[in-house]
Amino acid sequence: MNAHAPSTGFTDAAAMWDRRFSESGYLFGTEPNAWLRDHADLWHAGQRVLCVADGEGRNSVFLADRGLIVDAFDISEVGVRKARDFARITGVKVNFAIADVARLSWPESLYDGVVAIFIQFADPELRRRIFHGMVRCLKPGGLLVLQGYTPKQLDYRTGGPGIESHLYTASQLRESFAGIEILELREYEAELAEGSAHRGHSALVGLVARKPLA
């Protein structure tokens with residue numbers, strides 16, 4: 001994975017996330033995302049999973065603790081440093097890297113799973129490239145687990161980018177992942193308690209999809 005100057009939807013994304021992750025504690029908490037936790041049994045110990053833009057490591061550490069081989073990256077050096085500390089304290093191994101998702105060379109057919117939780121820093125064009133890369137790096141039969149906020153989240157303002165073009169709808173995700181089998185796709189509302197950044201009533205969408213075997 002490559003670490004380069006950022007080119008995401010935010011100006012100087014690395015500096016912004018370094019600043020946010022430099023605060024005491026864990027910005028999004030240390031517990032895994034609930035959508036991921038509820039679908040973690042899709043994989044079994046020994047399978048290899050990639051966590052995209054994993055921040056301070058809450059989701060990658062959770063999966064590693066279940067016996068998965070986990071690769072994870074984030075653009076923030078501070079976030080990755082905290083993630084490494086969290087993995088060490090938890091007693092698990094995660095292969096962390098500092099990398100800019102906008103310039104990532106996605107490997108082909110490497111992973112049994114890809115996890116993308118609230119990666120809504122991307123404008124529509126970058127999002128298209130990220131989604132394409134995530135599908136590319138899945139093995140045939142590999143599973144994608146994704147969660148994001150819907151545009152209704154702009155009414156709640158309990159997390160997320162606050163930029164409508166960065167948010168997801170179920171119909172948009174169905175179109176974006178038309179080339180793979182959608183196993184579950186649901187828009188719903190729930191109370192989130194993920195650190196200080198995702199807290200309160202939230203408008204969510206969750207996706208589980210499988211790359212075809214052939």
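Start by selecting Gln153: with a relative accessibility of 3%, this residue counts as buried, because the cut-off for buried is under 20%. Keep in mind as you click around that this is a predicted model. Gln153 sits in helix 6, which covers residues 153–156. Now show what is around Gln153: leaving out residues up to four places away in sequence, it touches Thr158, Gly159, His201, Ser202 and Ala203.

In soluble globular proteins, nonpolar side chains tend to be buried together. Here the largest nonpolar core has 33 residues, and the members touching the most other members are Trp106, Ile130, Met134 and Phe177. Which of them gives the largest share? That's helix 5, with 6 residues.

Zoom in on Trp106. Setting aside neighbours within four places in sequence, its contacts include Leu50, Val52, Phe73, Ile130, Met134 and Cys137. Arg129 and Arg136 are also among the contacts of Trp106.

Last, select Ala45. Is Ala45 buried or exposed? At 52% relative accessibility, Ala45 counts as exposed. You'll find Ala45 in the loop between helix 2 (34–39) and strand 1 (48–51). Beyond its neighbours within four places in sequence, Ala45 is in contact with Arg66, Gly67 and Leu68. To finish, draw a line from Ala45 to Ala122: C-alpha to C-alpha they are 31 Å apart, and 77 residues apart in sequence.

Definitions and conventions. Residues numbered from 1 in each chain as written. Predicted model: local features only at pLDDT ≥ 70, side-chain atom pairs only at ≥ 80, totals over all residues. Heavy atoms only, no water. Helix = DSSP H or I, 4+ residues; strand = E, 2+ residues; numbered from the N terminus. Buried < 20%, exposed > 50% of the residue type's maximum accessible area, 1.4 Å probe, protein only. Contact = heavy atoms within 4.5 Å. Core = buried A, V, L, I, M, F, W, Y, C linked by side-chain atoms within 4.5 Å.
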